[in-house]
Amino acid sequence: MNLIQKRRGYSLAMALSSLITAGLLLISHAAQADNMMMARTTQTFPEAMSELQALIQAKGYVVSRVQRVDIGLTQSGYKTDKYRVVFYGKPDEIRHLSQTHPELTAYLPMKISIFAEDQDTILVTANPQHLNMAGDAELAKIINRWEKDLVDIFRQMRGNK
Amino acid sequence: MSLRVRVIILLWLTLPLAVFAQGGEQLYSQYCAACHGSEGNGGVGVPLALPAFQKTVDDEFLIKTIRYGRPGRVMPSFSYLKPDQIKAIVTFIRGFVPVKAPVYDSKPVMGNAPHGKKLYGEHCAACHGHQGDGGHGTGVTFSRPRDLPIIAPSISNPGFLASASDQLIKAALMEGREGTPMMSYLKQGLSEQDVNDVVAYVRSFEKQAKKPEYDLHKEPLTLVYDSPHDLAKTVANVQRAAVGKNFRVIRVQTLEDGLFKKGDDNQKQVIVYFCNFQLLNQALTVDPRVGLFLPCRVTIIENQGKVKLYAINPKRLSGLFNNNELDKLCGGMFDTYTEILEESTL
């Protein structure tokens, strides 16, 4: 490989690297700015519930439980559409955080609310950044990954594969 | 410089534009559709595809609404979006219905605010509230019973007042909004000068800005209490205290239940879940997103012989929702949680 080819390769690598960095900055900025993450899917509730659980698991999380909020409300005489809360987490990560950050256990396992609205289904969760603590790099790394996974899950739920 | 390198540099320079120039549809899907519906029919948010709405709001109102949001009224501020992204969203929203967008001048409407206040009390306060706070609840979500087909907006909201010109408010009063309870006040017998007076009064809300009840950002993330009792007694105390506050204990489990095999989960980390369905129904009416609070719970952890209780801080969590009504409910929930934690650790 001659010098010109090497320079071209370097320029190409630099340009690509800058492209990726700029793209990531823009994407992360948009994601960070939202306190709440929300998505609407045109899937019916059962379809959306099934896909949500599959996407959670595909990211390496375990769905630990599904709370059927609508059942409790209906049994108590209140009218409601389908409304569930999906609890999920990575077992070892939750065990680790319960030791290092026990105050976070009030928010663990993490959860996503999913409810029907006419023929559509809506998903809501809090941006995990609200759990971040200043100066805690280890926690920030975990939370950034949770956020990235959620952004991806919600993007896919919207139908933007 | 070779052609390939020049092409790469050009691509690099134009990338941000390409990213910002995401289609309006994609941006709408990402930021708006969850609340306003894929086709603008509304839900948690107001129906944007309503022809009468589109006929009476100019692009400037939509742009500023997206930028400023509605503090305390669910609609967040999207101030981090670039102007061309917001414009793309507005263009997409305009495509919902074939209605020509109005253009209003920025000329203030001159009117008699005290007379407007009297008229406001007679004609507007029933839906918009005496202080212009708007109706209760959110948008048009029908998962629970509603008094009106759409929640009346808060017209004293600083986001609304910053977005709506005097001329826009006047047009809404003169023409009404077909398909909503908002009627034309000219048809109801008010004169144009009366309408001007109401506009002057609505504008005067700018001088009456209210402070939030508490600073959500200064609230601790978690409520933490030390228990003088052992784990089993503390768990029993939490259950008893919750029942004493009219909650039903719905589940007691380990923190790791469902994450590890039965028996491998840490038995010294216990969650007590409890619920008051009347309160829950009330909260869901105020904001259908409150599933993030559900069910109510206290986590009890024994570590090296010491037992601690952990609960979410409802005030802190409420800060994520941008909903003043929910803040009030969460203030009450904070008191309830505190009482349960105190009683459990007596």
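This is a predicted model: local features need pLDDT of at least 70, side-chain atom pairs count only at pLDDT 80 or more; totals for chains, interfaces and linings use all residues.
In soluble globular proteins, nonpolar side chains tend to be buried together.

Helix packing in chain B was examined next. Two packed helices are described by the angle between their axes and the distance between the axes. Helix α15 of chain B spans residues 324–344 and packs against helix α12 of chain B, residues 231–244. The angle is about 140 degrees, and the axes lie 8 Å apart. The two helices, α12(B) and α15(B), are therefore oblique to each other. Their crossing is right-handed. On the α12(B) side, the contact is made by B:T234, B:N237, B:V238, B:A241, B:A242 and B:G244. On the α15(B) side, B:I340, B:E343 and B:S344 take part. The contact residues of α12(B) and α15(B) comprise four nonpolar, four polar and one charged.

From α2(B), the contact draws on B:G24, B:E25, B:L27 and B:Y28. From α6(B), the contributors are B:Q85, B:A88, B:I89, B:T91, B:F92 and B:I93. Here the contact residues divide into six nonpolar, three polar and one charged.

Chain A has five helices and five strands. Along the sequence, these elements follow the pattern α-β-α-β-α-β-α-β-β-α. Chain A has 161 residues, of which 34% count as buried. Contacts in chain A were also sorted by sequence separation. Among those between residues at least 6 apart in sequence, 62% join residues at least 24 apart.

Most residues other than glycine have a negative phi, and most peptide bonds are trans. In chain A, the peptide bond from A:L108 to A:P109 is cis, with omega near -10 degrees. A:P109 sits in the loop between α4 (91–100) and β4 (110–117) of chain A. In chain B, B:L294 and B:P295 are joined by a cis peptide bond, with omega about -25 degrees. The loop that holds B:P295 runs between α13 (277–286) and β4 (296–303) of chain B.

Positive phi values occur at B:V74 and B:N322. For B:V74, phi is near 75 degrees. This residue lies in the loop between α5 (59–68) and α6 of chain B. A residue is buried if 20 or more other C-beta atoms lie within 10 Å of its own. B:V74 has 25 such atoms and is therefore buried. For B:N322, phi is near 55 degrees. B:N322 is found in the loop between α14 (314–318) and α15 of chain B. With 21 other C-beta atoms within 10 Å, B:N322 is buried.

Definitions and conventions. Residues are numbered from 1 along each chain as its sequence is written. Chains are lettered from A and ligands numbered from 1 in the order in which they are written. Axes are lines fitted to C-alpha atoms, for helices over the stretch in contact, and angles run from 0 to 180 degrees between N-to-C directions. Helices (H or I, at least four residues) and strands (E, at least two) are DSSP runs, numbered from the N terminus. Angles under 35 degrees count as roughly parallel, over 145 as roughly antiparallel, 65 to 115 as roughly perpendicular and the rest as oblique. A crossing is left-handed if the near helix is turned anticlockwise from the far one by less than a right angle, and right-handed if clockwise. Two residues are in contact if their C-beta atoms, placed from the backbone, lie within 7 Å. Ala, Val, Leu, Ile, Met, Phe, Trp, Tyr, Cys and Pro count as nonpolar, Asp, Glu, Lys and Arg as charged, and the others, Gly among them, as polar. A residue is buried if 20 or more other C-beta atoms lie within 10 Å of its own, exposed if 12 or fewer, and partly exposed in between; C-beta atoms are placed from the backbone.
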